[in-house]
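Morning, everyone. Please have the sequence and the structure open while I talk.

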Amino acid sequence: MLIGNVGKDPDIRYFDADQACATFPLATTERGYTLANGTKVPDHTDWHNLVMWRNLAKIAEKYIHKGDKLYVEGKIRYRTYDDQKGMRRYVTEILVDNLELLTPKQAEQTAPSTTVAPKVEDPDNGLPF
C-alpha cells in the first residue's frame, strides 16, 4: 500500500472490447528528521509507476489528475525489455488492485473538508487477462 501524490495526468490506452489501461507516476515522500547529534536528514522522495486496468483505469481517466493525493493497494510487478539499441531495461510497476481518492472534489473545497472518497476496488483484480 502506498499514499502519495500523482506526478502527471494518467495516460489512458484502450484495447479490444473496450479494455482500458492507465499508467502514471506516484510520488511518496519520507519526511526528513534531525538526529540527536544535530545531523539533519533531508526528505526522501521515491517515484512509483502505477498501472491500472479495466474499471480502475476508467476511474483514473475521469477523476485522477496531476497533484491528487491517492491511497493505492496492489502488487509489485517486474519486467524487462530490450530497447532500440539492444540494451536490456528493467521496469518495476505497481499493478493496482484497490484505490482511494484522498483529494476532495473542487466543488466541495469551499469549506475545509475531511471527507474522503469511498474506496474503489477492481472486481477483476486489475489483471489484463
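I'll go through strand pairing, then salt bridges.

Some ground rules. This is a predicted model, where local features need pLDDT of at least 70, side-chain atom pairs count only at pLDDT 80 or more, and totals for chains, interfaces and linings use all residues. Residues are numbered from 1 along each chain as its sequence is written, and side-chain values use heavy atoms, with hydrogens and water left out.

Strands first. Strands here are DSSP runs of E with at least two residues, and helices are runs of H or I with at least four, numbered from the N terminus. Two strands count as paired if DSSP finds at least two bridges between them.

Start at β1, residues 2–6. Strand β1 pairs with β3 in the antiparallel sense, over two bridges. Asn5 sits opposite Ala27 in β3.

Next, β2, residues 11–15. Strand β2 also runs antiparallel to β3, and five bridges join them. Ile12 faces Ala22 in β3. How many residues lie between β2 and β3 in their hairpin? Three, and Ala17 in that turn has a positive phi of about 55°.

Now β3 and β6. They pair antiparallel over ten bridges. Pro25 stands opposite Asn49 in β6. Glu30 has His44 as its bridge partner in β6.

Which sense do β6 and β8 take, parallel or antiparallel? Parallel, over three bridges. Val51 has Leu95 as its bridge partner in β8.

One reminder on strands in general. In a regular strand, side chains alternate between the two faces of the sheet.

On to charges. Oppositely charged side chains can pair when their charged atoms come close. A salt bridge here means a side-chain nitrogen of Lys or Arg within 4 Å of a carboxyl oxygen of Asp or Glu. Searching the whole structure finds eight of them.

Take Arg31 and Asp43. Their closest N and O atoms are 3.3 Å apart.

Arg31 counts as exposed because its relative accessibility is 60%. Asp43, at 45%, is partly exposed.

Now look at Glu93. Glu93 forms a salt bridge with Arg77, with the closest N and O atoms 2.6 Å apart. Arg77 is in strand β7, residues 69–82, and Glu93 is in strand β8, residues 88–101. That puts the pair 16 residues apart, linking distant parts of the chain.

Glu93 also meets Arg79 in a salt bridge, at 3.0 Å, N to O. Again the link runs from β8 to β7, here with the residues 14 apart.

Is Glu93 buried or exposed? Buried, because its relative accessibility is 8%. The arginines read otherwise: Arg77 is partly exposed at 28%, and Arg79 is partly exposed at 37%.

That's my tour. Questions, please.

How values were computed. Buried means under 20% relative accessible area, exposed over 50%, partly exposed in between (1.4 Å probe, protein chains only).
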